[in-house]
Amino acid sequence: MIEMTANRYGKSRVRLVKVTHNEGYHELYEWMVEVLLEGDYETAHTLGDNSKILPTDTMKNTVYFLARESKATSIEVFAQEMGAFLMGRNPQVSAVHVKIEAVMWKRLTIDGSPHPDSFMRGSNERQITWLRQDRSGTKLRSGLEDLVIMKTAKSGFEDYIVDELTTLKPTADRLFCTALTADWVYSGAIAGGGGVDFNALREEIRETMLESFAGHDSLSVQHTLYAMGETALNKVKAITEVHLLMPNKHCIPVDLSRFGQENPNEIFVPTDEPHGTIEATLRRK
Ligand SMILES: O=c1[nH]c(=O)c2[nH]c(=O)[nH]c2[nH]1
C-alpha cells in the first residue's frame, strides 16, 4: 500500500517586465514568478482525474493578468495578491506558494538628473520573496541573493585549531569577500497585513547589514555574520528571524618575495573555489 504524503504543482520561471506610465516618468520592474498549489489532488495522481486541476498554463496567465491589474510596487504585495486571488477562486486549494525574484534596474542619471524613462541593470543581486498562504493565514519570508561585498581592513582569522593538517597561516589583516545571501521572516501581522511598505523594510534591513559588515572588527566570517544578523533583528522589529549565508571567497596574497618585492597586503589572487561556507539562522528570544 502506498500513500502520497505531499504534493504540489504549478508554474516556475514566469518572467515579466512591467512598466508603469506615470505623468512625466516611468517605473520599471522585472520579476520572475513561481506559483505552486497544494490541495485536494489525490485522485489527480491516483486516477488521472484532472477535474480539480487548474492548468499551470492558467497559473502563468494569472501572473500576467494580475500584473496588469495590480498597483503593487513590491514583490511582497504582488505575492500577497497572487495568493489571495488563487485561494479565493479555487476551493480545492489548501495552500498557495508564491516565490518572486526581482532583478535590480536602476534609473539612469543623465546630466545630474534622474532620467524619466531610461534604466541600467545593476549587479547580479536579486531581491526575493516567498509567500505561503493557507486557509488559516500567511507566512512571508523575503531576502536577497548574490550581494557581493568586500572589506579590505578590519578582518583577521587567528587562534583556530592547529593540528598536523593545518597549513593556513593566522592573519590579523586579510581581505574579506563574500556573496551575501540573506533571508528574513516577517511577523504574522506584517505577513498578512495590508499597507506595509516592504520596499522600505527591505532597504532598511539591507542597509543595516551592510553598515554592520563595513564597521565590524571581524575576527572571522562567523563573527561578522552574527553581528550583521543581530543588528538587523535589533533594528527592524517587523522581522522575527534572519538567515545569512556567507561564502568566504578567499583572496590569497601573492608571494612577491620571488621578485624581491614586499607585499603589504596589496596584491591578491581572487579565488572562486574551493570556498568556505558559513551559514547561521538567528532569531529573537
Ligand atoms: O572566517 C573564517 N572562518 C573559518 O571558519 C575559516 N576557515 C578557514 O580556513 N578560514 C576561515 N575564515
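How many residues of domain 1 are in contact with residues of domain 2? In this predicted model, 12 residues of domain 1 are in contact with 11 residues of domain 2. On the side of domain 1 that touches domain 2, α3 (75-89) and β4 (113-134) each contribute at least two residues. The greatest share comes from β4, which provides 8 residues. Classified by residue type, this side of domain 1 comprises 3 nonpolar, 6 polar and 3 charged residues. According to the domain assignment, domain 1 covers residues 8-135 and domain 2 covers residues 141-285. The centres of the two domains, taken over C-alpha atoms, are separated by 30 Å.

The unreviewed UniProt entry annotates the feature "binding site" at T56, D57, F157, R174, V221, Q222 and N248. These positions do not all gather at one spot, because they span 193 residues in sequence and the farthest two C-alpha atoms lie 52.1 Å apart.

When residues up to four places away in sequence are not counted, F157 touches P170, T171, R174 and S220. With residues up to four places away again left out, the contacts of R174 are S155, G156 and F157.

Terms used: Residues numbered from 1 in each chain as written. Predicted model: local features only at pLDDT ≥ 70, side-chain atom pairs only at ≥ 80, totals over all residues. Domains from an automatic or database assignment. Contact = placed C-beta atoms within 7 Å. Helix = DSSP H or I, 4+ residues; strand = E, 2+ residues; numbered from the N terminus. Nonpolar A, V, L, I, M, F, W, Y, C, P; charged D, E, K, R; others polar. UniProt positions renumbered as here; feature names shortened; annotations may be inferred.
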